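This briefing covers the ligand surroundings and the nonpolar cores. Please look at the sequence and the 3D structure first.

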Amino acid sequence: MKRLPLEWDPPRYQGQRRQLVESLIQKGIQDPAVLAAIGRVPRHLFVEPTFIEHAYEDKALPIACGQTISQPFTVAYQTSLLEVAPRQRVLEIGTGSGYQTAILCELGAEVYSVELERELYERARALLEGLGYVVYLRWGDGRLGWPTYAPFDRILLTAAAESVPPGLFDQLAEGGRLVAPIGRPDGTQQMTVYSKRNGQIHRETKGYFRFVPLRKWGEPA
Ligand code: SAH
């Protein structure tokens, strides 16, 4: 991210952001790189103007197209499980507001992100580029991954799926990790970590969350 002009990131929000980081530490987030990234990304620029005063509360908030920007705890938790190292190639499915995308960029990853809704894709592109992030964004169906740039060291789903779309494991590099909320799209999902070792997929289940559903192309929200 480039240096923000003070009027884009007034001290009031900087202070609220530090408090948010403190509250995430209290809730058990430990990864220093993830906490530092949350401390840098101006979440108030990723929420709808109506909710700007709530941007640093640990809450999911509505964005355009009936979608949500994930709760900061969820972003921090998912990102910690992903174990991102600098220069890794990371595929995100569900760009949404672009907030999680920015967090991945702050970790030094090379980020590829796919969004189904054209309006969200366009807004996220304008915002992320405006903030100086270099990212690869695409308007399309993330269930298909992004074969042109595969394999990916890390794959992150930010929408709920009943199971991992089959082709995605083929796009995961050897030694790679895929993190996804798996479960009923209209209920709760269990955060699931898949890792690829010697061509085999290993699975580990974590805490419960509630995400908006991963949809098919043309499927209404
Ligand atoms: N990471 C986002 C979370 C947005 S919610 C953020 O931090 O704001 C999940 C997003 O996934 C929504 O924007 C939704 O439109 C998108 N989505 C749903 N199904 C999709 C699909 N098949 N391919 C790509 N994006 C999808």
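A residue is near a molecule if one of its heavy atoms lies within 4 Å of it. By that rule, 26 residues surround the ligand, and the closest are Ser97, Glu115, Asp141, Gly142 and Arg215. This is a predicted model, where local features need pLDDT of at least 70, side-chain atom pairs count only at pLDDT 80 or more, and totals for chains, interfaces and linings use all residues. Residues are numbered from 1 along each chain as its sequence is written, and side-chain values use heavy atoms, with hydrogens and water left out.

**Ligand**
- Leu116 has a backbone N or O atom 3.2 Å from a nitrogen atom of the ligand.
- For Gln100, a backbone N or O atom lies 3.4 Å from an oxygen atom of the ligand.
- The ligand alone exposes 590 Å² (Shrake-Rupley method, 1.4 Å probe), and the protein buries 100% of that.

**Nonpolar cores**
- A nonpolar core is a set of buried Ala, Val, Leu, Ile, Met, Phe, Trp, Tyr and Cys residues joined through side-chain atoms within 4.5 Å; buried means under 20% relative accessible area (1.4 Å probe, protein chains only).
- The largest core has 50 residues, of which Leu24, Ile38, Phe46, Tyr99, Leu128 and Tyr133 touch the most other members.
- Leaving aside neighbours within four places in sequence, Phe46 is in contact (heavy atoms within 4.5 Å) with residues including Val41, Ile63, Tyr99 and Leu128.
- Another core, of 19 residues, lies apart from the largest one and includes Trp146, Ala159, Ala161 and Ile182.

Conventions:
A polar contact is a pair of N or O atoms within 3.5 Å; within protein, one must be able to donate a hydrogen and the other to accept it, and residues adjacent in sequence count only if both atoms are side-chain atoms.
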